[in-house]
Amino acid sequence: MTRGNFNKCLQSATSWTRSNTANGLQRQQSLLEQAGRARPIAIIRQQTAAASNIPYDNARRQQSAQALKRRAVITAVVVAAATLTFATRREVHAEAPPKEPDKGERLIRLSEIHEHGRNAEKFWVFKGDRVYDITDWVPNHPGGEVILRAAGGDIGVYWDIFTIHKKQEVYDVLEQYFIGRLDPQDLVDGKPPSEHVDDPFSTDPERDKALIVRSSRPMNAETPASALQAYLTPVNTFYVRNHLWVPDLGNEDGYRLTVEMIDGEEKQYSMKDLREKFKQHTITATLQCSGNRRAHMTAGSRQTNGLQWDVGAIGTAEWTGVRLRDVLIDAGLDVVNLDEDVQHAQFAGAEAYGASIPVDKAIDPRGDVLLAFEMNGQPLPRDHGFPLRVLVPGHVAARSVKWVNKITMSGEESTSQWQRRDYKCFGPNEGSNPDWDSARAIQEMPVQSAITNVRQVPQDRLNNSKLAQVYGLEEDAIILEGYAFSGGGREIVRVDISADDGRTWRQAQLIENDEKGAKAWSWKQWRIALPRREAMRYFCVKAIDEAYNTQPESFEAHYNFRGNLASGWHRVPVPKSTD
């Protein structure tokens, strides 16, 4: 590379950074992956903001103009180098098949790579048989320190999880840090032995065998139908939604939560601080994955992307913790005269996940947002966020960040892919490559309902069924049970049941429970008994909340390629007669 070529690339990259701030950030994110850690991404945003003369809250308050310009140049250099490498070295990349080392290439033993782990001064990784020193990449990595999980080992296993890395641009960036090849003495059939390849999921906890597993690495499993019939979902069968591995954080003694204000001031809290300094509250709240019933949208409309959940990506528990509002006030947030620059509360988890909610929800005295450490009267299990998680009732469960260790008050949403991309909906006509910035991130949930149990009661057993007696049935009957839920604390006021695929309707009995909280944060369970003779091919259910929001009849009208917020009428086939 000549100095002239490099200067041209640098000039072009600097101009690109200044004129395309938002696109520039997306470019960096596509190159370097974002895994949800807010602080490193915030630094990159500060650099980009400085180059484009756009004010950014922390950049405006904390950084000098000179320092920011220097950082902007560094960012431009990284982009320039990536651009040049992409243009001139496309034939050499991280996915290239192993080949004999070139003369003069350094041969590196696996034992030497292992010495350059996350606690070393230099961070080395390997992919295939190629070795890289990524020390200088780490500060510019939008995914934050999660990249250090791979330090001293195989980066490929993590890229199998963060699949956004599997792009030529990213391979070319990695090639800039190439330092040598694995010594053939350490390879078996041209590959590193399995004992030298890290397994990110090796320390995951054991799970109840009753859970319905949708993916095992990472673990995603739904609550079985039998457990959905209890008002409080048993902890061991509460659905599990993990985007990554489960961090092994030991006991809670060394755990710290950092809260950062918009001016950069930080305050740390131990678990003991949270338990002893703030009043504890208990609320009953339903958590629901945005993909709950995605399989129904696929079956009722078209193929959707993502785990094909049935009706069990939902559960209800009693959550105990301290109010986020109280902690933010203690950390220095003026909730009465709120700084207009504070628009969002960003949450970062210990495993790299990140999300955010509007600040109005975070500080609402009736919003019941908790920093929770107990679930159904027990310490949080590891799968559900031990020792501390955010609990945002009424919102999609993706905002209730587990293993939370950082809260940042900011003028913008979390920059994680789970805020900016994954949890959004698009029109039925929009394909799989939409304008991600054009759609809002999902927050409050729409009306949802499902049938979780169908059982037949023959005429000779009616005396044993109190529900059949309530409905005055004197003939063969069918009993239906299920749940209904609406986001935003809106109470379910009616559940309609049809035994003839929507031609005629009856109202189900709503089961009252002793829910806790300022609003209706938990589901309503319902049941109904119907004459067997009225049942045609399908039973249908739809729910109505206190604002008279209801569910659409079909999935096509609200189809989106991500399969989020699938809330069409739930239909189940009528069982064959037991005669």
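The model is predicted, with local features needing pLDDT of at least 70, side-chain atom pairs counting only at pLDDT 80 or more, and totals for chains, interfaces and linings using all residues. Residues are numbered from 1 along each chain as its sequence is written, and side-chain values use heavy atoms, with hydrogens and water left out.

Strands (E, at least two residues) and helices (H or I, at least four) are DSSP runs numbered from the N terminus. Two strands pair if DSSP finds at least two bridges between them. E21 runs antiparallel to strand E25 (residues 538-545), and six bridges join them; here isoleucine 492 stands opposite aspartate 545. Two bridges link E21 to strand E22 (residues 506-507), again in the antiparallel sense, with isoleucine 497 facing arginine 506.

Elsewhere, five strands make an open sheet of mixed pairing, in the order E10-E9-E18-E13-E14. Strands E10 (266-270) and E14 (354-358) stand at the edges with a single partner strand each, so one side of each has no neighbour in the sheet. From one strand to the next, the twist averages 20°, where axes are lines fitted to C-alpha atoms (for helices, over the stretch in contact) and angles run from 0 to 180 degrees between N-to-C directions. Strand E9 (residues 256-260) is antiparallel to E10 through five bridges, and valine 259 stands opposite lysine 267.
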